[in-house]
There are 2 protein chains.
Amino acid sequence: MFDSRTESDGVYDVQSVSVTFARGEDPTPAGQVSCDSRARCTSCMMRNICMAASLEAGEMARLDTVVQGWRSVKQGERLYRAGDPFRSLYAIRAGSFKTVVSPERGKETISGFYMAGDSIGMDGVCQESHNCDAIALEDSVVCVIPFHLLEALCREIKPLQRQLHKMFSAEIVRESRQMTLLSNMSAEQRVAAFLLNVSARYRERGYSATSFVLRMTREDIGSFLGVTLETVSRTLSKFQQEGLLTVQGKSIELINLDALDAR
Amino acid sequence: MFDSRTESDGVYDVQSVSVTFARGEDPTPAGQVSCDSRARCTSCMMRNICMAASLEAGEMARLDTVVQGWRSVKQGERLYRAGDPFRSLYAIRAGSFKTVVSPERGKETISGFYMAGDSIGMDGVCQESHNCDAIALEDSVVCVIPFHLLEALCREIKPLQRQLHKMFSAEIVRESRQMTLLSNMSAEQRVAAFLLNVSARYRERGYSATSFVLRMTREDIGSFLGVTLETVSRTLSKFQQEGLLTVQGKSIELINLDALDAR
DNA sequence: CGATCTGTTGACACTGCTCAATAGGAGTGG
DNA sequence: CCACTCCTATTGAGCAGTGTCAACAGATCG
């Protein structure tokens with residue numbers, strides 16, 4: 001069925017998956033690769049920005065056949081850990097994740113934040129084991145896409161192959177942008193860029209670009225941006241004083257996007 | 001158009017190829033796919049660490065058929081520029097490159113250094129245009145691999161498909177390591193890690209791991225590591241004083257690898 | 001409703017940046 | 001071949017942006 005490895009608590013929580021299916025879809029009997037013929041990609045709100053993007057209906061239905069099922073991950077739980085054998089990619093259907101790299105020596109670092117419509121796990125291909133931990137920032141649901149099946153389908157469906165390559169490439173570009181941020185930008189610029197990035201991603205998904213809730217802590221943000229949590233906090237306060245935004249704990253309201261961008 | 005000579009002695013003669021293309025021109029005018037039938041991958045010194053890795057002889061020969069040819073790039077010239085339409089991946093046959101990201105605002109940043117056996121250009125897939133400049137650090141030669149042909153072949157040859165995916169993934173992992181370095185490490189740790197990384201890559205390629213010439217300037221190194229060129233210079237001097245290495249301009253001799261690693 | 005996690009703010013120290021002066025090397029042209 | 005220039009590297013001095021440490025306040029959750 002799903003990844004055969006067990007969670008840290010020793011049990012893979014089948015129940016929570018069944019519950020997920022209960023919302024409007026038939027639950028898949030445990031123990032088999034679930035692939036009910038009713039299209040799921042075609043009815044998914046994220047179909048236009050995830051792996052299924054730019055596929056025709058027939059192709060999307062075939063992609064459905066390699067989606068093994070859904071997996072629900074509660075806030076704070078790990079979808080996978082660094083060192084776990086790599087088997088599947090995960091398309092986030094609902095919720096959000098952070099990925100955490102833990103070098104042998106030194107502090108662990110947040111390497112990315114991902115939300116519904118994003119796919120994660122691509123870092124695991126090259127070593128056949130995951131390179132980071134993926135931790136849910138809120139209760140989340142992912143589509144489990146066994147990689148060998150996806151590869152097989154990519155050998156048949158050219159647009160899917162291209163889409164997969166684009167996803168790999170987009171992750172490379174995203175990271176190289178982040179490297180630029182970490183190399184040259186001041187703390188203020190980093191925080192501003194981060195907020196604008198989150199804003200743009202909410203906008204893409206049809207949510208408000210100016211009013212949103214950050215799902216991660218100041219420490220997570222600081223780790224991602226290469227500054228301390230105190231600096232993140234101070235910078236947000238400063239932006240608020242300057243009238244660029246209002247901040248109330250995790251709730252952010254952006255007031256002057258242009259001014260933020262000018263940082 | 002392309003130099004059709006074979007490598008009789010296993011030593012690649014840069015000179016004879018460099019006359020084949022005019023400086024900086026894309027050697028791939030439409031329709032002119034030059035692919036002489038004499039195997040090149042199978043005789044290439046880099047075949048075990050490049051795209052051809054883990055292919056059987058027959059498969060490698062087929063890969064040869066999609067390699068459009070070689071292109072020579074003189075020191076300081078650009079193989080491609082940010083914004084150029086993406087058509088091909090480039091496997092470095094000889095020489096080395098740096099990739100430079102130029103954000104709309106802010107300083108340009110070195111996002112990577114690449115040497116013989118590495119492939120570059122994967123950042124271009126997602127937008128169908130290159131995301132950075134690739135600049136030769138010395139006179140270099142690359143294999144030009146048109147991406148649509150490579151994709152077509154990947155639909156037929158499973159190990160090649162897997163190899164391509166691993167290369168994408170390895171680039172993601174490399175960048176996420178670099179992000180960790182840029183997020184948490186002190187200037188000394190960055191320089192030490194950089195030297196050890198270069199050392200390991202020379203070793204992989206059969207060169208000395210302790211004595212080598214850096215092909216890039218202090219400014220390039222600083223940009224890559226997110227510190228100033230002065231800090232790079234000072235740190236190298238300090239390491240020399242401490243007996244960890246000797247440095248003479250671009251020539252480095254590592255004396256105490258363990259001590260460097262302990263930083 | 002207490003315990004714990006998360007966020008805010010202040011004071012101070014320190015790493016690494018900026019600016020500057022100088023020296024060494026590489027390439028060019030006479 | 002040498003002189004000239006430009007690029008690169010080294011080293012110093014002073015300063016500023018962030019990190020560190022600490023105290024406290026506000027959330028969150030069992």
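Modeller: A quick definition before we start. Ala, Val, Leu, Ile, Met, Phe, Trp, Tyr, Cys and Pro count as nonpolar, Asp, Glu, Lys and Arg as charged, and the others, Gly among them, as polar.

Biologist: Fine. How do the residues of the surface near DNA strand C divide by class?

Modeller: Five are nonpolar, eight polar and seven charged. This is a predicted model, where local features need pLDDT of at least 70, side-chain atom pairs count only at pLDDT 80 or more, and totals for chains, interfaces and linings use all residues. Residues are numbered from 1 along each chain as its sequence is written, while chains are lettered from A and ligands numbered from 1 in the order in which they are written.

Biologist: New topic. How many residues of chain B are in contact with chain A?

Modeller: 35, and they meet 35 residues of chain A. Contact means C-beta atoms, placed from the backbone, within 7 Å.

Biologist: What gives the most on the chain B side?

Modeller: H4(B), with 18 residues. Strand E5 (109–115) of chain B also gives two or more. By class, that side has 13 nonpolar, 14 polar and eight charged residues.

Biologist: And within chain A, how do H3 and H4 cross?

Modeller: Their axes come within 7 Å and cross at roughly 125°. Axes are lines fitted to C-alpha atoms, for helices over the stretch in contact, and angles run from 0 to 180 degrees between N-to-C directions.

Biologist: Which residues make the contact?

Modeller: Leu150(A), Leu153(A) and Cys154(A) of H3(A) touch Leu160(A), Gln161(A) and Leu164(A) of H4(A). Five of these are nonpolar, one is polar and none is charged.

Biologist: How many helices and strands does chain A have?

Modeller: Eight helices and 11 strands.

Biologist: What percentage of chain A is buried?

Modeller: 44% of its 263 residues. Buried means 20 or more other C-beta atoms within 10 Å of a residue's own, exposed 12 or fewer, and partly exposed in between, with C-beta atoms placed from the backbone.

Conventions. Helices (H or I, at least four residues) and strands (E, at least two) are DSSP runs, numbered from the N terminus. Two residues are in contact if their C-beta atoms, placed from the backbone, lie within 7 Å.
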